[in-house]
Amino acid sequence: MAALQELLNSFPDDLRKAIQELFSRYHFTESQKLEILKDEADLRQWKEQAFVDTASYGSIDSRKDGRKGDAYIRQLRDYMNRLRREETDYSSFNPEVHPRPKYRTSLIDKEIIPGRCPCPVDGEKTRCCKLTTIDPIEQCAFSCSYCSVQAFYSEKEIRAVSDLREKLLSLELPSDVWHIGTGQASDSILFGDDFGTLSALSAFALQHPEIVIELKSKSARDVFTGKRYPRNMIFTWSLNAPTIIEKEEHLTASLKGRLENAARARDNGNLVGFHIHPMVFFRGWEEEYAGIVSKIESRFSPEDICMISIGTLTFTKSVLRLLRENGEESRVLEMDLTPAAGKFSYPLETKARMFSHVYQSFSEEFRKNVFFYLCMEDPSLWMPVFGREYPCDKAFEMDMKEHYFQKIREAI
């Protein structure tokens, strides 16, 4: 199996040798070998001792039934399940950060082709808002440990679309497009207007007042002083618990920095929004996520905010493979990886507990006057979290559209 060999080759010499000796010692199926490698890759990232060094070999070797490999697998699964089902402990976890290489930047003559939200849409397995996406910049200079962007673009190059203004102004959009996001392939404001991106999007927003342009960021870069933006441009920030920002969202702005930047956008005349996403089930999560809510309410009124979304970690198989092969120190995969609409995430019970805690931490005034939604989550979570649900994606999209434009009209 190519995946097995690639993962094995990514390990340091001592661990690779120990695993090769284990494979010679007991009989394992190919799928069992891959399971062992995935778990050892996770333990390496979590800075936990390799299980191959700690297994109870005495009890395995004493077996007379010839199924010693199966006994090893059972021990491994019991150990990993204990770690994954507990709240992740970051108290003594201090990852060595390896910022990605110095980036080259280049302009590319690429056609602007609107895309669709990366939610899985077949069968409406998650409740999707049908966001249209535009990628004026590809690749991000931040080093978030869970980032999926790294799986799609070269790590060593940031590419910006040339002549963006002309391409956007000549773009023919389908009649049903009303909500465009720019934060799928890169951070929307990290690079400011270095490539003319914000100026081009402003011209596009003025040309299309019937469309909402949503920018999404983890940056504290001030792109607001001395520059005005159309009201149908909404600036949003991904917010996370301070522990997660420190341990997993490397090189990004602090929570304080992100909120201060959002306040600049508000003071400059634009609506703002927040994505409390991706939530992580770690020791102390209740207090820290409630603290985010408190900070939002202390600085902003419901009239300032267009939307607040809530969501959590979700991984595709390809991203899981990339994270394990990279081997960067992280505990984002120290979780109960449960199948979720073709991806892997927390169990629904854990999600309901986390999302409800955040939503109920907001005051009644905010819950009544801000549009809250779940991002890329199972439809069954809406009622227990918000006390409302939608029969289909289209109903969700139309309700979102009504709330967004109502907020824009009220802000003018």
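**Ground rules**

I'm working with a predicted model, where local features need pLDDT of at least 70 and side-chain atom pairs count only at pLDDT 80 or more, while totals for chains, interfaces and linings use all residues. I number residues from 1 along each chain as its sequence is written, and side-chain values use heavy atoms, with hydrogens and water left out. My helices (H or I, at least four residues) and strands (E, at least two) are DSSP runs, numbered from the N terminus.

**Entry: the eight-strand sheet**

I started with the open sheet of eight strands, which has mixed pairing and the order S2-S3-S7-S8-S9-S11-S12-S16. Two strands pair here if DSSP finds at least two bridges between them. Which strands stand at the edges? They are S2 (115–116) and S16 (371–374); each has a single partner strand, so one side of each is left without a neighbour in the sheet. S2 runs antiparallel to S3 (residues 132–133), and two bridges join them. I found Arg-116 bridged to Thr-132 in S3.

Next I looked for helices on this sheet. H12 (residues 348–361) packs on it and touches S11, S12 (305–312) and S16, with its direction at about 155° to that of S12. Contact means heavy atoms within 4.5 Å. H15 (residues 393–411) lies across S7, S8, S9, S12 and S16, and runs at about 150° to S16.

**Entry: the three-strand sheet**

There is also an open sheet of three strands in the order S1-S6-S4, again listed with mixed pairing. S1 (104–108) and S4 (137–138) are the edge strands, each with a single partner strand, so one side of each has no neighbour in the sheet. S4 pairs with S6 (residues 157–161) in the antiparallel sense over two bridges. Glu-138 sits opposite Arg-159 in S6.

**Entry: helix H7**

How many of the eleven residues of H7 (residues 197–207) are buried? Eight are, so H7 is largely enclosed by the rest of the structure. Buried means under 20% relative accessible area, exposed over 50%, and partly exposed in between (1.4 Å probe, protein chains only). The buried residues include Leu-198, Leu-201 and Phe-204. Among the elements covering them I noted S4, H6, S7 (179–181), S8 (212–217) and S9.

I then checked Thr-197, which is in H7 and is buried at a relative accessible area of 4%. Leaving out residues up to four places away in sequence, Thr-197 touches Pro-136, Ile-137, Leu-164 and Gly-192. Thr-197 and Arg-165 are 32 residues apart in sequence, yet 7.8 Å apart in space, C-alpha to C-alpha.

**Entry: helix H9**

H9 (residues 255–267) has 13 residues and reaches 18 Å from its first C-alpha to its last, close to the 18 Å expected. The expected span is 1.5 Å times one less than the number of residues. Its buried residues include Leu-255, Arg-258, Leu-259 and Asn-261. Their cover includes S9 (233–239), H8 (242–247), S10 (249–250), S11 (272–279) and H10 (285–299). After H9 comes Gly-269, whose phi is positive, near 105°.

**Entry: H3 and its two partners**

H1 (residues 2–9) and H3 (residues 30–46) pack at an angle of about 30°, with axes 10 Å apart. Axes are lines fitted to C-alpha atoms, for helices over the stretch in contact, and angles run from 0 to 180 degrees between N-to-C directions. H1 and H3 are therefore roughly parallel to each other. The contact is made by residues including Leu-4, Leu-7 and Leu-8 of H1 and Leu-34, Leu-37 and Ala-41 of H3.

For H3 and H11 (residues 317–326), the axes come within 9 Å and cross at roughly 60°. H3 and H11 are therefore oblique to each other. For the record, angles under 35 degrees count as roughly parallel, over 145 as roughly antiparallel, 65 to 115 as roughly perpendicular and the rest as oblique. Contact residues here include Lys-38, Ala-41 and Arg-44 of H3, with Leu-323, Arg-324 and Glu-325 of H11.

Most residues other than glycine have a negative phi, and most peptide bonds are trans. Lys-47, in the loop between H3 and H4 (57–61), has a positive phi near 65°. Lys-47 is partly exposed, at 42% relative accessible area. Asp-163, in the loop between S6 and H6 (164–169), has a positive phi near 50°. Is Asp-163 buried or exposed? At 51% relative accessibility, Asp-163 counts as exposed.

Last, a cis peptide bond joins His-277 and Pro-278, with omega about 0°. Pro-278 is in strand S11.
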